[in-house]
Structure formats: structure tokens, C-alpha cells
Amino acid sequence: MRVATALRRGAVLHRQDLPASWQEKLKGGGHKSVLPAKPAAEAALPAGGADSPFLPGKTWREIETLILAKALQRFDMDVKRAAASLRCAPSKLYQRLREDRVAERAAEWAAQPWSYPEGETLDSLKRQVFAEALQRNGDSPYAAARQLGVSAGTIYQWK
């Protein structure tokens with residue numbers, strides 16, 4: 001079950017995701033065709049909260065956009081100040097402003113419970129998100145990578 005849960009696609013483990021021997025056992029027993037798919041480690045952890053930008057079900061790209069948007073909001077959309085605080089290139093913020101329509105989606109970002117802690121760099125927050133993804137996925141870099149939509153090599157790099 002652990003392997004099937006780790007290798008699942010999406011948030012639900014379907015009968016066809018299980019090994020053939022399990023599928024046969026479940027076939028006629030009146031069991032539900034869909035089983036809850038949260039690993040025990042993930043179920044025991046709260047969703048990312050006020051101190052964590054991690055959001056279960058979101059890719060790293062989506063989480064990174066949230067971090068950048070929250071930093072921009074903290075600095076009243078001043079790209080240079082936000083970039084200096086994050087220790088990233090202003091061009092990264094300008095690019096994300098344009099690609100993800102950050103300014104147009106201000107209400108969406110404001111509704112997220114996490115707020116950018118001034119002084120945290122983008123790299124330190126990335127390390128925090130990747131560590132939390134690893135923890136929620138039983139320290140499996142492959143499962144964490146799948147959850148965040150990055151390569152396992154990226155997880156190893158930021159571990």
C-alpha cells in the first residue's frame with residue numbers, strides 16, 4: 001500500500017493503482033473503488049500554516065509564486081525592495097508579475113494564510129518547503145518531487 005500510495009497520480013488512490021493481487025481481493029467484496037490516499041505521515045501533519053508557505057497539492061512553481069507575491073505585497077509592490085529581501089534578481093519578480101498576473105490576483109494572494117517573514121530569502125524558503133514535502137512523503141525524494149512537480153535531483157540538491 002505504501003508503494004501504491006507513493007506512486008499514485010493525484011490525490012486519490014484508485015483500485016487500478018494497486019497490484020493485481022490486491023485488485024482481485026477487492027473486486028467482489030463490495031469495497032469502495034476509491035481508497036483514501038494520504039500517507040499516514042501526511043495525514044498527521046497540518047496543512048502549511050502561518051509559518052509555512054507549503055501548501056499540499058500545490059507545485060513548487062505555485063508555492064514560489066505565492067512567496068514572491070507575498071513579498072511584493074509586504075513591500076507595496078516595490079520590486080527592488082522585495083527582490084533585495086528575497087535575495088533574488090528583480091528580473092525574476094518582473095517575469096513572475098507578468099506571467100502569473102500577480103498584481104491582478106492580489107486578492108487571491110491576500111487570502112492565503114501565510115505571510116512573508118521579512119528577512120527570509122527565497123532559497124531558505126525553498127529549502128523549508130522541500131523539507132516539509134519530504135517529511136510529508138515519508139522522506140521519499142521521489143514522492144516529494146512528484147508532489148512538488150520537480151525532479152528528484154532538485155529535491156536532492158535542496159535537501
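## Basis

The model is predicted, so local features need pLDDT of at least 70 and side-chain atom pairs count only at pLDDT 80 or more, while totals for chains, interfaces and linings use all residues. Residues are numbered from 1 along each chain as its sequence is written, and side-chain values use heavy atoms, with hydrogens and water left out.

## Fold and surface

The chain has 10 helices and two strands, in the order α-β-α-β-α-α-α-α-α-α-α-α along the sequence. Helices (H or I, at least four residues) and strands (E, at least two) are DSSP runs, numbered from the N terminus.

Of its 159 residues, 37% are buried; buried means under 20% relative accessible area with a 1.4 Å probe, protein chains only. The accessible surface (Shrake-Rupley method, 1.4 Å probe) is about 9200 Å², and carbon and sulfur atoms account for 53% of that area. A contact means heavy atoms within 4.5 Å. Among contacts between residues at least 6 apart in sequence, 58% join residues at least 24 apart.

## Nonpolar core

The largest nonpolar core holds 33 residues, and I67, L86, L93 and L148 touch the most other members. Such a core is a set of buried Ala, Val, Leu, Ile, Met, Phe, Trp, Tyr and Cys residues joined through side-chain atoms within 4.5 Å. Two or more residues each come from α4 (60-74), α5 (79-86), α8 (122-136), α9 (141-148) and α10 (152-158). Helix α4 gives the largest share, eight residues.

Leaving aside residues up to four places away in sequence, I67 touches P53, W60, L86, W114, L122 and L125.

## Second largest pocket

A pocket here is an open set of points on a 1 Å grid over the protein atoms alone, where a 1.4 Å probe fits, with protein on both sides within 12 Å along at least five of seven lines; lining residues have an atom within 4 Å of a point.

The lining consists of L55, K58, R61, E62, T65, L66, D100, R105, E108, W109 and Q112. By class, three of these are nonpolar, two polar and six charged. Helices α4 and α7 (106-110) each give two or more residues, with the largest share, four residues, from α4.

## L134

L134 lies in helix α8 and counts as buried because its relative accessible area is 7%. Beyond residues up to four places away in sequence, L134 touches D139, S140, P141, A144, I155 and K159. L134 and I155 are 21 residues apart along the chain, and their C-alpha atoms are separated by 8.4 Å.

Methods:
Buried < 20%, exposed > 50% of the residue type's maximum accessible area, 1.4 Å probe, protein only. Nonpolar A, V, L, I, M, F, W, Y, C, P; charged D, E, K, R; others polar.
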